[in-house]
Amino acid sequence: QVQLVESGGGLVQPGGSLRLSCAGSGFPFSSSTMYWYRQAPGKERELVASISSTGGTTTYSNSAKGRFTISRDNAKSTMYLQMNSLEPEDTAVYYCKRRTWDGRDYWGQGTQVTVSS
C-alpha cells in the first residue's frame, strides 16, 4: 500500500536550518508530483511547496520562497525540504502528500518542527 514517511523535524533556534525527508513506497514515486504542507496549531493546513515528477518544476508559498528548497531523489524514492532562516512562525507539523491522477490524496503522518529560542 501507499506509504509516506516524514522525518527530520525537531527543535531549532530562530535563524537555524532543518532538512525534512519524505520517503515514499507502494506507488510509482518517480512519476508522481509531490507536495509539502504544514499545519500550525489552530490553523488550517497550508501548501508550502510542490515538485514535479522529474524535479524540473517547483513552486513555493510566499512564506517559503527564498528560504526553503524542495528537491527529490527518485532513485531513493525520497523528497526533501531544506529549510533555512527558520522563524517562530514556521513552527508546525509538516506533511508530505501525493495526489493521484484521479485526485486522491495520500498523506504521511507528519513531522513536528518547532522554532524557538
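I began with Asp 105 and Arg 99, whose side chains meet in a salt bridge with 2.7 Å from N to O. I kept in mind that the model is a predicted one.

I then looked up how open these two partners are, and found Arg 99 partly exposed at a relative accessible area of 41%, while Asp 105 is also partly exposed, with 30%.

Next I noted that Asp 105 forms a salt bridge with Lys 97 too, where the closest N and O atoms are 3.6 Å apart. Lys 97 is buried, because its relative accessible area is 3% and buried means under 20%.

I turned to another pair and asked myself: which side chain meets Arg 38 in a salt bridge? The partner is Asp 90, and the distance from N to O is 2.9 Å. This pair links distant parts of the chain, since Arg 38 lies in strand β4 (residues 34-39) and Asp 90 in the loop between β8 (78-83) and β9 (92-99), 52 residues apart.

Are these two partners buried or exposed? I found Arg 38 buried, with a relative accessible area of 6%, and Asp 90 counts as buried as well, at 1%.

For the total, I wrote down that the structure holds 6 salt bridges.

Definitions and conventions:
Residues are numbered from 1 along each chain as its sequence is written. This is a predicted model: local features need pLDDT of at least 70, side-chain atom pairs count only at pLDDT 80 or more; totals for chains, interfaces and linings use all residues. Side-chain values use heavy atoms; hydrogens and water are left out. A salt bridge is a side-chain nitrogen of Lys or Arg within 4 Å of a carboxyl oxygen of Asp or Glu. Helices (H or I, at least four residues) and strands (E, at least two) are DSSP runs, numbered from the N terminus. Buried means under 20% relative accessible area, exposed over 50%, partly exposed in between (1.4 Å probe, protein chains only).
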